[in-house]
Amino acid sequence: MSPADDLDASTERRLLRSVVQVARHAFGAAAASVFLVDPDTRELVFEAVAGEGDDKLVGTRFPAGTGIAGWVASSGQSMLVDDLRESRQFDTKAAQSTGYVPDSIMAAPLFSGDACIGVLEVLDRGAEMPAREMADVALLDLLADQAAIGLELLTRLRETSPSRRSDKAMQLLAMAEALLANTHG
Amino acid sequence: MSPGPDAPTRPATPGAAPAASAVPTESAAPAEAEPVAPPWRGGAHRHVVGVPAYGARTSGGGSGEFPLADLPGVGPAWAWGGADGAGVRVCVVDSGVEGGHPLVGEVDRSVTVVDREDGTVGIADCPPTDVAGHGTACAGVIRAIAPGVSLSSARVLTDGKNGSGDALLAGLSWAVEEGFDVVNLSLATTRQALAASLHELADRAYFRRCTLVVSAHNRPVPSFPWSFASVVSVASHDEDGPMTYYYNPAPPVEFHARGVRVPVAWPGGGTIRSTGNSFAAPHIAGLCALVLSKHPWLTPAQLKTVLFQCAANVAHRTGGAHEPGR
């Protein structure tokens, strides 16, 4: 995507794009992606991806509770699986629909308070450093936390700024009314 | 693993600078102003005092030795030598279990949480299937440790709209009431509103001789029920032995079992390698089944004592700590 596209996108989207880019880079991964949980249907909605598969996937929905991301979203616990290609029947449908069949998946939940609002997933992290499983999961947890905090701040900002704006408008209105009252008085 | 990357995220250990400097020091040695803890007592986490326990990271390698345990005759050979778990009923409360998987075998009872019309949740029998794969993985670990157990499944992670909290309570409650000897719960909830109900349920299980083996949440958020004293809580170590486990000198998580690159069953008959505390808990659940198949009269408290006694870092009469347990 070009920088101009990036500026057009919402802050949320830019944040999530940035998160997946950082995650992909940090792990030397084939791809990183982030899903958000639809609060009404509890489906997982593909929000951003870096690497294999691309932005045309954004908006794709997956049923709640399916696959690794689904389990992570339902349980609130991170998870790492390897050797997926050796498994004869790893969720091939979902994997093929994303255009890339990974050998390993690492996924961590995004929390807002005590609710899981999304999942950060890394596909095929680089294998240069062996036996780093738990450290990798710990780092992914930290990245997921940062993404979740960013989203929460944006949500709060959107919730509070209109009312503040209207407060200001009300204050201006009151001041104007007072001035008018003085001139009439 | 290297402790480096996650070191800054760990909670401060006792005696760390902020705590020490907050207390006026009277003795000449400010760093050792606090009473010296006996060697078998691990450091207390700052966050467990009076508040729900937080997450527990994976232990790298073994823990410190425990030289004081001395129950003559109680060791791995006594506890589970020759046992296969026969006669013990284990329930996996998770995403379901795929029956007939080569690593899982037969699933004796399979139920799922269902949404009732009045908005509450109920329990209904269902075919032994697993859309997420996680429960199947846990069941396979238990079967590998204790081939003779009777395995059942309660699916609480559903695709319904009900909060997973209600489903968790319903499924766990069912498993306790059904009188399973061991319940594996590789799940945690972060919802404070559920803490009291889960606590009551964990105590009920404890007094009904139903041992809850629960995986510790792996991140620093308050979560339940692994942090309760009435359950057997498990986090991961990074070694390869399926029977190798350690007692953790710094609870609330009490045991560390294999949880890194564990070969586990995956739906469709396959096998993958998976990492997480989720897969450490079923190792201990399987061990509990082995012990109970030889010593069915053990209460959960006695069972936990046996687990402590046989942990790889607790010295038993055959020799020092850190020797192969079997």
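User: Is B:Ser278 buried or exposed?
Analyst: Buried: B:Ser278 has 32 other C-beta atoms within 10 Å, and the cut-off for that label is 20 or more. Keep in mind that this is a predicted model.

User: What element is B:Ser278 in?
Analyst: Helix H6 of chain B, which covers residues 277–294.

User: And what does B:Ser278 touch?
Analyst: Setting aside residues up to four places away in sequence, B:Ser278 touches A:Gln77 and A:Met79 from chain A, plus B:His134, B:Cys138, B:Ser186 and B:Ser215.

User: Which residues carry the "active site" annotation?
Analyst: The unreviewed UniProt entry puts it on B:Asp94, B:His134 and B:Ser278. They span 185 residues in sequence, but no two of their C-alpha atoms are more than 10.2 Å apart, so they gather at one spot.

User: OK, B:Asp94 then. Where does it lie?
Analyst: In strand S1 of chain B, residues 89–94. B:Asp94 counts as buried because it has 30 C-beta neighbours inside 10 Å. Beyond four places in sequence, its contacts are B:His134, B:Gly135, B:Cys138, B:Leu157, B:Ser186 and B:Leu187.

User: Switching topic: what's the strand order in the open sheet?
Analyst: S3-S2-S4-S1-S5-S6-S7-S9-S8 in chain B, nine strands with mixed pairing. The edge strands, each pairing on one side only, are S3 (121–125) and S8 (246–247).

User: How many bridges join S2 to S4?
Analyst: Five, between S2 (residues 107–115) and S4 (residues 150–155) of chain B, and the two run parallel. B:Ser110, for instance, has B:Ser153 in S4 as its bridge partner.

Conventions: Residues are numbered from 1 along each chain as its sequence is written. Chains are lettered from A and ligands numbered from 1 in the order in which they are written. This is a predicted model: local features need pLDDT of at least 70, side-chain atom pairs count only at pLDDT 80 or more; totals for chains, interfaces and linings use all residues. Two strands pair if DSSP finds at least two bridges between them. Helices (H or I, at least four residues) and strands (E, at least two) are DSSP runs, numbered from the N terminus. UniProt positions are given in the numbering used here, feature names are shortened, and annotations may be inferred rather than shown by experiment. A residue is buried if 20 or more other C-beta atoms lie within 10 Å of its own, exposed if 12 or fewer, and partly exposed in between; C-beta atoms are placed from the backbone. Two residues are in contact if their C-beta atoms, placed from the backbone, lie within 7 Å.
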